[in-house]
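Colleague: I am new to this one. Can you walk me through how to read it?

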Amino acid sequence: MNLAQPQAIKDAKLFINGEYRDAMSGETFETIDPSTNKKLASVAKAGVEDAKLAIDVAQKTFESGVWSEMPVAERTKILVRMSDLVMERVDELALVETLDVGKPIKESRGFDIPRAAANLRFFAEMANYINHEHYDQSRYMSYSKYAPAGVTSLIIPWNLPFMQMTWKASAAMAAGNTVVVKPASYTPLSAVMLGEIANEAGLPPGVLNIITGPGGTAGTEMTRNPSVRRISFVGDSTTGRTVMQNAASQLIPVSLELGGKSANIVFEDADLDEAVAGSIEAIFRNQGEICLAGSRLLVQETIYDRFMEKFVEAARALKVGNPLDQETDMGALVSKGHLETVDEYVQIGLGEGAKLATGGKRIASLGEGNFYEPTVLYDVDNKMRVAQEEIFGPVLVVIPFKTEEDAVRIANDSMYGLAGVVWTNDLRRAHRVAAKVNSGLLWINCWYYRDLRTPFGGSKASGIGREGGRHSFEFYTEAKTITMKL
């Protein structure tokens with residue numbers, strides 16, 4: 001792939017009613033290349049009035065019926081065409097994603113953008129198979145309809161922007177809703193490109209609207225405007241609470257996908273090479289900036305030393321560097337401020353008594369970018385802050401355990417309940433532990449595989465609600481029961 005220069009990246013505008021436009025204030029902000037900390041592009045800075053306009057356009061489009069009343073088969077064709085166009089532009093989208101986020105090109109080109117295309121195709125086609133219920137009893141017949149809910153606000157995080165955007169928007173649109181999307185201010189560039197794809201695919205203007213700007217202004221309006229009928233938010237748990245409070249004022253249903261501190265449990269009978277490789281991926285993929293990361297590694301005491309030796313060797317072998325290099329395993333953290341936060345947590349952990357096996361500092365030899373070493377803190381106590389708080393970076397904490405009961409207790413001793421991993425060759429143990437760990441997702445002898453038909457979401461501080469497959473359609477629709485006397 002040819003390396004693009006930052007000046008080749010286009011400035012980004014708001015996409016409202018099928019057209020790109022400046023913010024009403026004329027204000028812009030800069031998005032930064034995390035690998036150089038230099039400007040990538042200027043981005044329109046939406047304010048409250050821009051958010052109101054996007055919501056008003058979405059509401060009028062919804063009421064017009066041009067999309068909400070379009071036959072499902074016709075909606076499917078348009079969304080499938082969008083999926084095809086994403087793949088036709090996969091190299092361009094992957095390049096923009098890598099430059100904006102700092103992630104390795106082999107991840108954005110090999111997984112993120114293809115998965116985004118799969119999101120669009122999957123939900124478009126599944127919309128044809130949503131079952132309506134029908135019941136006869138005596139002299140009455142009752143049946144249900146699942147009608148689109150209306151205007152949907154989607155607030156997307158900075159770590160997987162294009163993939164997360166399509167995960168939400170494709171389901172909401174397939175159900176017949178109109179949407180207003182706000183990508184994170186750190187990483188807006190790939191998201192706004194979906195507007196070009198929507199226009200080329202023939203999506204009616206006003207169905208998809210994309211605004212870029214601060215969460216405190218534009219984002220707040222998206223979570224409390226009375227015309228909004230659904231809110232789906234992905235981000236940290238603190239902001240999720242604010243979103244829920246705003247939505248409560250208008251009784252808007254919410255779906256919240258929030259933080260995690262997932263336990264990655266390795267039992268003594270596991271295939272150690274497989275567990276090491278999977279655990280490396282679970283914490284260092286995307287620089288550890290994944291809510292599903294296996295950021296707490298629980299290792300049984302009988303194999304602790306052997307496992308640590310193999311794991312540390314594998315961590316040190318990872319190549320950190322230019323995200324556009326196909327050989328790079330870890331790119332740059334999203335911002336200088338986030339790197340400082342990650343480093344602060346490492347120092348907190350060392351101050352709490354954790355030991356440093358490898359890493360623990362910024363890689364100055366790679367220039368001005370936000371590059372941080374793959375870091376392993378071991379002999380960690382689960383009560384430490386580094387074991388309880390989400391670091392959201394390439395920092396693993398390793399906790400020894402004695403028995404299966406200990407592992408489950410430690411895994412559940414967390415405010416979060418998003419995901420978990422179990423490595424074992426004991427079939428019965430695998431299912432026992434999977435059932436007992438309090439998490440919305442759990443993998444056995446693998447990590448990160450997702451079947452789009454299955455429910456996705458977390459418990460406790462990791463979120464509210466489930467999306468994926470029929471669960472997405474249940475959230476993005478209103479169920480109505482109609483009863484007729486025969």
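Predicted model: local features only at pLDDT ≥ 70, side-chain atom pairs only at ≥ 80, totals over all residues.

Colleague: Which residues touch the most other members of the largest nonpolar core?

Modeller: Leu208 is one of them, along with Met82, Met173, Leu292 and Phe311. That core has 108 residues. At least three come from each of domain 1 (14–258 + 462–485) and domain 2 (263–444). A second core is separate and has 29 residues, including Ala263 and Tyr372.

Colleague: Now helices. Why do residues three or four places apart point the same way?

Modeller: An α-helix has 3.6 residues a turn, so such residues point the same way. Take α11, residues 336–352. Its buried residues include His338, Val342, Tyr345 and Gly349.

Colleague: What do the buried residues of α11 pack against?

Modeller: They pack against β15 (375–378), α12 (385–388) and β16 (395–401). Just after α11, glycine 353 takes a positive phi of about 110 degrees.

Colleague: On to sheets. In what order do the three strands of the open sheet come?

Modeller: The order is β5-β6-β22, with antiparallel pairing. β5 (134–137) and β22 (477–485) are the edges. Each has a single partner strand, so one side of each lacks a neighbour in the sheet. From one strand to the next, the twist averages 20 degrees.

Colleague: How many bridges join β6 to β22?

Modeller: Nine. Within this pairing, methionine 141 stands opposite methionine 484 in β22.

Definitions and conventions
Residues numbered from 1 in each chain as written. Heavy atoms only, no water. Core = buried A, V, L, I, M, F, W, Y, C linked by side-chain atoms within 4.5 Å. Buried < 20%, exposed > 50% of the residue type's maximum accessible area, 1.4 Å probe, protein only. Domains from an automatic or database assignment. Pairing = 2+ DSSP bridges. Helix = DSSP H or I, 4+ residues; strand = E, 2+ residues; numbered from the N terminus. Axes fitted to C-alpha atoms, helices over the stretch in contact; angles between N-to-C directions. Expected span 1.5 Å × (residues − 1). Contact = heavy atoms within 4.5 Å.
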